[in-house]
Every structure is written in structure tokens, then in C-alpha cells.
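Welcome! Please take a first look at the structure below before reading on.

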Amino acid sequence: MKDRVLLRGLQSEQYEHPVDREALNTLKKMPALGLAVSKINEIGLDEILHLHSLANKIRVSSAQFMELNGLFCEVKDTLSVQCDVELYVEQAFSLNAYTTGVVHRQVTITTELISALEESELRFVIGHELGHIKSEHVLYHQIGRYLPSILSIVGEMTLGLGRLIGTGFQVALFDWIRKSELSADRAGLLACQDPFAAYSTFCKLAGVPPEWFTRVNMEAIERQVAEYERLTGEARTKFYGYFGQMFNTHPWLIIRFNELSKWIRDGSYERVVSEFRSVEVPTGNEVLSNCPICNQPRSSGFTFCIFCGHNFERIQ
């Protein structure tokens with residue numbers, strides 16, 4: 001996508017998923033949260049994570065991996081992220097990116113992820129991670145990531161009380177963490193402003209080999225989403241869906257696909273971007289017509305709607 005809108009002054013409330021704030025409010029009412037935050041500060045986790053990045057990763061800058069640094073700076077500008085954030089590359093054979101640091105803010109991307117994603121997909125991932133920073137998710141995410149060690153410390157210092165309160169708190173914490181990912185996905189979409197890039201990233205994270213990617217049928221993915229929605233509408237399978245993710249840090253990919261798609265289809269995504277658009281969408285051969293199903297712009301070169309997955313004949 002050539003013409004991205006700079007979202008100057010974007011506020012996190014403009015894109016955050018309502019279940020994110022709802023779950024966070026519930027979490028903040030739990031006394032264990034304050035105890036966990038206190039222990040995080042006591043052990044100096046922020047400094048430890050900063051030192052680990054300096055010692056074991058490559059920091060991206062104007063003098064190191066200039067192209068990636070330029071992309072990172074562009075995404076920061078697009079999302080109006082004003083604070084200092086460092087970008088690191090980490091050697092790992094997994095498709096992963098994550099954000100750490102409340103004082104020393106940093107985004108880490110694995111080498112495997114960089115190799116697997118196109119530029120627009122990297123914009124989505126970087127925007128996703130910066131969305132966590134913009135929404136101030138990072139402190140509580142760090143608690144979740146290092147919670148087992150924290151609970152061990154708390155348990156020893158409070159004669160086992162930490163272990164007694166730990167399970168309920170952990171379930172609530174991970175419930176919020178998963179829901180916060182839905183907000184970050186929205187930030188990622190606002191960063192790349194290309195729904196197809198978001199959807200294709202989800203497909204790659206799900207395990208589609210790069211050489212098969214051009215054969216992914218988005219309409220079939222939509223049917224898969226619809227089947228999941230139908231099954232989880234039943235009480236028994238709804239419980240299975242929750243239980244199966246109880247201690248996951250991310251929602252299942254089909255849920256992320258569906259939630260982002262709903263945000264696009266109901267017009268909320270476009271309304272956010274339109275608030276910052278000073279010039280109309282350029283005319284020409286990029287936007288050819290509207291999809292007959294979701295009424296979103298039809299994009300040149302695709303045999304399906306990148307918004308809802310509806311299949312249509314390619315336009316030359």
C-alpha cells in the first residue's frame with residue numbers, strides 16, 4: 001500500500017478492543033496485582049531485560065540494518081508513538097516478536113520472522129508491538145511472562161500465601177493478556193493499513209510454508225472462522241475454547257483473524273483512519289470497485305476480497 005495515513009495524535013482509546021479494558025479493570029481489582037508489581041520492581045526486572053538485550057541481541061539503528069530501522073521509524077510515525085523505543089534482532093528459529101521494558105522500552109523481532117514476512121507484514125507486526133507500548137500493556141505482560149518465578153518468590157516470603165492466591169490471579173492475568181492482543185492487532189492494522197497483510201501474517205504464524213502461501217484460500221479461512229464461531233456458541237464447546245487457552249499468552253489465531261475482520265467489516269477501522277485523512281483515497285487502478293458482500297474497496301490483483309474473503313473474478 002503506497003499511501004498510508006499518518007495518524008498524528010492517535011490515542012490508544014481509539015483502537016483498543018472493549019474486552020481489553022474490561023478484563024484489565026477486573027485484573028486491577030485483585031490485590032495480587034499490586035504484590036506482583038512490587039516484586040517486579042524489587043528484583044529490577046526492567047534493568048535485567050535491558051542488559052540481556054544489549055548482551056545477546058543486535059540493536060537496530062541508523063548505523064545497523066538501516067532498512068529495518070527506517071521501517072521501524074515509519075511505523076512509529078504512523079502510530080504517533082512519541083516515546084523512545086529500541087528495536088533488537090534476536091537469533092531464533094521461531095516466528096516471534098515481543099515487547100519488554102517499562103523504562104527501557106524495546107521491541108525484539110526474531111531472524112526467522114524477518115525472513116518469512118513481506119514489508120507490509122513486518123509493518124503489521126511492528127505496529128502490533130508498538131500498540132502494546134502505546135496502550136501501556138508492557139508492565140503486566142512482563143508479570144505474566146515471569147509469573148512462575150514471581151509466585152515462587154512471593155510464596156517463600158509469605159509462608160505460601162503467594163501460591164494460594166496465584167492460580168486465580170494467573171488465570172485472570174492471562175485472560176487479560178490474550179484480550180490485550182486483540183487491541184495490539186488493531187494497532188498493527190492501523191500501522192500497515194493493509195488488511196491483506198494482517199490476514200497473511202496470521203496465516204504464516206499458523207504454519208503455512210512460504211512456498212504455499214499464494215495457494216491460501218481466504219474464502220476457506222472465512223468458512224473455518226464461521227465454523228469456529230458456530231461451535232463456540234454452544235455452552236460446552238465455549239468452555240472447551242476457554243479452558244484450552246487458559247494459560248496462553250495469545251488467543252488462537254482464528255480468533256484474532258475473526259476479531260480483526262469484524263472490526264474492519266463494521267466500519268470501525270475505516271472511521272479511525274478517516275479521522276486523520278486529509279486527502280481522499282487516490283483514484284486510479286488501485287481501487288476498482290466495491291465488494292458486493294462487505295462493500296469494502298476491491299483491490300487490483302486479488303481474486304478475493306481482502307476484507308471479508310469473498311471470491312470474485314480477477315480484474316486485469
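Residues are numbered from 1 along each chain as its sequence is written, and side-chain values use heavy atoms, leaving out hydrogens and water.

Here is the protein chain in brief.

| Feature | Value |
|---|---|
| Helices and strands | 14 helices, six strands |
| Buried residues | 50% of 316 residues |
| Accessible surface | about 16100 Å² |
| Average pLDDT | 83 |

Helices (H or I, at least four residues) and strands (E, at least two) are DSSP runs, numbered from the N terminus. Buried means under 20% relative accessible area with a 1.4 Å probe, counting protein chains only. The accessible surface comes from the Shrake-Rupley method with a 1.4 Å probe. pLDDT is the predictor's confidence in each residue, from 0 to 100.

Residues 279-287 have pLDDT under 50. Where pLDDT is low, the predicted coordinates should not be read in detail.

Now to the interior. A nonpolar core joins buried Ala, Val, Leu, Ile, Met, Phe, Trp, Tyr and Cys residues through side-chain atoms within 4.5 Å. The largest one has 52 residues, and Leu79 and Trp263 are among those touching the most other members. Apart from it lies another core, of 19 residues, including Leu24 and Ile177.

His132 counts as buried because its relative accessibility is 3%. Beyond four places in sequence, its contacts (heavy atoms within 4.5 Å) include His137, His141 and Glu181.

Technical notes:
This is a predicted model: local features need pLDDT of at least 70, side-chain atom pairs count only at pLDDT 80 or more; totals for chains, interfaces and linings use all residues.
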